[in-house]
Amino acid sequence: MSLNDGNKILQAYCSASTLNFTKYFFLRKTKKKFIVNSHHEVICDTLDKVIDGKITRLIINIAPRYSKTELAVKNFIANGLALNPSAKFIHLSYSDDLANDNSEEVRNIVKSEAYQQLFPYVQVSKTTDSKKKWNTTAGGGVYAVSTGGQVTGFGAGEVDYAEDKSKVNKLLAELEDAVSDLDNLETTNFAGAIIIDDPIKPEDALSDTVRERVNQRFETTIRNRVNSRKTPIIIIMQRLHERDLCGYLLEQEPDEWHVLSLPCVYEDESGQEKALWEHKHTLEELYRIRENNTFVFDTQYMQNPKPIEGLMYREFRTYDAIPYSKVRVRKSYIDTADEGSDYLCCICYEEHPTAVYVTDVLYTKKPMEYTEPKTAEILDRNDIDEVWIESNNGGRGFARNVEKHLRERGNTHIAIEWFHQSENKKSRIFTKSADVTNMIYMPTGWQYMFPQFYKDVIAYRKEGKNAHDDAPDALTGVIDKLGERISGGLLLQDMFG
């Protein structure tokens with residue numbers, strides 16, 4: 001079948017990239033425009049590298065409902081068959097129904113009028129045309145089953161003939177008439193892949209038995225269903241546990257896998273948090289998800305699984321209004337940034353006999369030129385009486401500069417004391433963690449008010465490596481100074497007369 005000029009242009013457009021293919025056939029299938037975001041472009045660029053043979057082992061970690069299946073399963077397979085109708089795909093998911101439904105959608109795309117207008121040489125064989133298994137007349141096709149199902153009698157990719165390419169040449173010769181309009185068929189080496197989409201259900205992820213069954217299934221059955229060492233294996237999933245299939249493979253063979261991790265919240269160049277795809281979730285909506293379940297947010301939405309039993313802090317108590325107390329003092333505890341990667345953490349709070357109410361937080365990596373006047377501003381704004389400055393490097397100089405800025409603001413009543421903290425930081429944080437969550441109240445919505453501070457507190461782990469400990473360290477300092485009053489500290493009126 002010969003293509004007209006218009007269809008040749010569309011064919012070339014769709015064959016040029018996975019994203020082009022998806023946009024065109026999504027529109028033809030749904031009569032709606034595929035809303036392209038930057039993460040779609042990144043995913044498709046990476047999938048194109050798989051087609052080009054630049055990546056053979058790929059992990060894509062992204063939240064549910066972010067178009068991962070549309071891109072990396074349905075349209076990727078249909079596009080792969082358009083590039084090479086003899087390509088063989090194995091598609092796996094946590095259930096037969098899900099895998100079969102995806103397979104059926106791929107088959108529907110291939111059989112659609114729109115697809116056949118552009119790629120008429122891709123024909124589904126009438127002898128094998130079920131959702132579970134269907135072939136093309138050129139010898140390619142799709143086999144779909146659950147990760148726990150039987151994968152027998154079918155391999156993904158092309159058999160690797162190390163020297164003899166006669167079978168390949170014979171196949172191309174047989175297809176020559178049918179594919180005369182597809183210029184790039186003879187130049188592509190892509191011949192199919194194993195594509196695993198969500199190998200385990202979220203509700204099963206905390207089961208050691210189910211997780212290990214999936215992991216061992218990959219080793220004993222799935223991995224060896226490739227027809228060649230060059231056949232790509234693609235795993236697309238939301239992270240669910242430290243030792244889910246992605247975690248297991250990265251532990252066993254970290255250098256073998258190309259990982260594309262796309263958290264739903266990221267920091268832009270200025271350090272501001274942004275939502276990955278506001279069409280799906282705004283930043284405020286993501287914050288609410290985090291507030292409802294930190295573990296789910298970290299794993300499924302941030303692709304950063306942590307052991308649920310290993311987090312240092314349970315949920316903090318919050319307040320809408322600070323209760324009145326005759327006995328109270330407004331304090332601030334400051335942990336200065338000792339090293340370049342550290343945060344300065346300034347916590348302002350009201351200390352009552354039975355509780356501490358956090359009123360404000362400054363948490364930043366910015367240089368002293370910013371933090372010194374900003375610290376003076378937050379202390380003045382919160383009408384602080386006493387300030388404790390913990391620093392093992394330059395605390396005295398920082399304190400004097402903050403005092404200077406306070407004086408310039410007309411504030412001379414704050415008592416400031418800096419001190420050296422010699423106790424083991426990790427031990428202090430662990431020992432006082434229960435007191436921190438029992439005694440300290442955060443303002444309602446603190447996750448929105450102080451997002452990076454909140455993140456570093458809630459995600460802090462009892463064991464293993466933590467990216468930053470400045471926020472937990474400062475909260476521990478608040479408890480350390482509970483009930484203690486500054487007696488010999490420097491008063492601004494003493495310093496400036």
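Is the crossing of α10 and α17 left-handed or right-handed? The tour comes to that crossing at its second stop.

**Before you start**

This is a predicted model, in which local features need pLDDT of at least 70, side-chain atom pairs count only at pLDDT 80 or more, and totals for chains, interfaces and linings use all residues. Residues are numbered from 1 along each chain as its sequence is written, and side-chain values use heavy atoms, with hydrogens and water left out.

**Stop 1: the whole chain**

Select everything and colour by pLDDT, the predictor's confidence in each residue, from 0 to 100. The chain has a mean pLDDT of 87, and 88% of its residues reach 70 or more. Now select residues 174–187, where the pLDDT is below 50. In the model this stretch has 21 contacts beyond near neighbours in sequence; a contact means heavy atoms within 4.5 Å. Residues 489–497 also have pLDDT below 50, with 24 contacts beyond near neighbours in sequence.

Switch to a cartoon view. The chain holds 19 helices and 18 strands. Helices (H or I, at least four residues) and strands (E, at least two) are DSSP runs, numbered from the N terminus. Of the 497 residues in the chain, 54% are buried. Buried means under 20% relative accessible area, exposed means over 50%, and partly exposed is in between (1.4 Å probe, protein chains only). Among contacts between residues at least 6 apart in sequence, 73% join residues at least 24 apart.

**Stop 2: helices α10 and α17**

Select residues 283–292 for α10 and residues 451–458 for α17. Their axes come within 13 Å and cross at roughly 25°. Axes are lines fitted to C-alpha atoms, for helices over the stretch in contact, and angles run from 0 to 180 degrees between N-to-C directions. The angle therefore makes α10 roughly parallel to α17. Angles under 35 degrees count as roughly parallel, over 145 as roughly antiparallel, 65 to 115 as roughly perpendicular and the rest as oblique.

The crossing of α10 and α17 is left-handed. A crossing is left-handed if the near helix is turned anticlockwise from the far one by less than a right angle, and right-handed if clockwise. Show side chains here: Y287, R290 and E291 in α10 meet P451, Y454 and K455 in α17.

**Stop 3: helices α4 and α5**

Select residues 68–83, which form α4, together with α5. The two axes come within 9 Å and cross at roughly 45°, so α4 is oblique to α5. This crossing of α4 and α5 is right-handed. On the α4 side, the residues that meet α5 include T69, V73 and I77. Their partners in α5 include N102, E105 and I109.

Stay in α5, which covers residues 96–111, and pick A99. Is A99 buried or exposed? A99 has a relative accessible area of 0%, so it is buried. Leaving aside neighbours within four places in sequence, A99 is in contact with H91, S93, A144 and V145. Next, draw a distance from the C-alpha atom of A99 to that of S146: 6.3 Å separates them, although the two residues are 47 apart along the chain.

**Stop 4**

Select Q116 in helix α6, residues 113–118. Its relative accessible area is 18%, so Q116 is buried. Not counting residues up to four places away in sequence, Q116 touches V110, K111, V122 and Q123.

Move to helix α9, residues 245–252, whose buried residues are L245, C246, G247, Y248 and L249. What covers them includes β1 (57–62), α8 (208–222) and β7 (233–237).

**Stop 5: three loop residues**

Most residues other than glycine have a negative phi. Select Q303, in the loop between α11 (294–301) and β11. Q303 is not a glycine, yet its phi is positive, near 55°. Q303 counts as buried because its relative accessibility is 8%.

D383 lies in the loop between α12 (368–381) and β15 (386–390). D383 is also not a glycine and has a positive phi of about 55°. At 38% relative accessibility, D383 counts as partly exposed.

Finish at S325, in the loop between β11 (317–319) and β12 (329–335). S325 counts as buried because its relative accessibility is 15%. A polar atom of the S325 side chain lies 2.9 Å from the backbone oxygen of V327. Which residues does S325 touch, not counting those up to four places away in sequence? They are H352 and P353.

Methods. A polar contact is a pair of N or O atoms within 3.5 Å; within protein, one must be able to donate a hydrogen and the other to accept it, and residues adjacent in sequence count only if both atoms are side-chain atoms.
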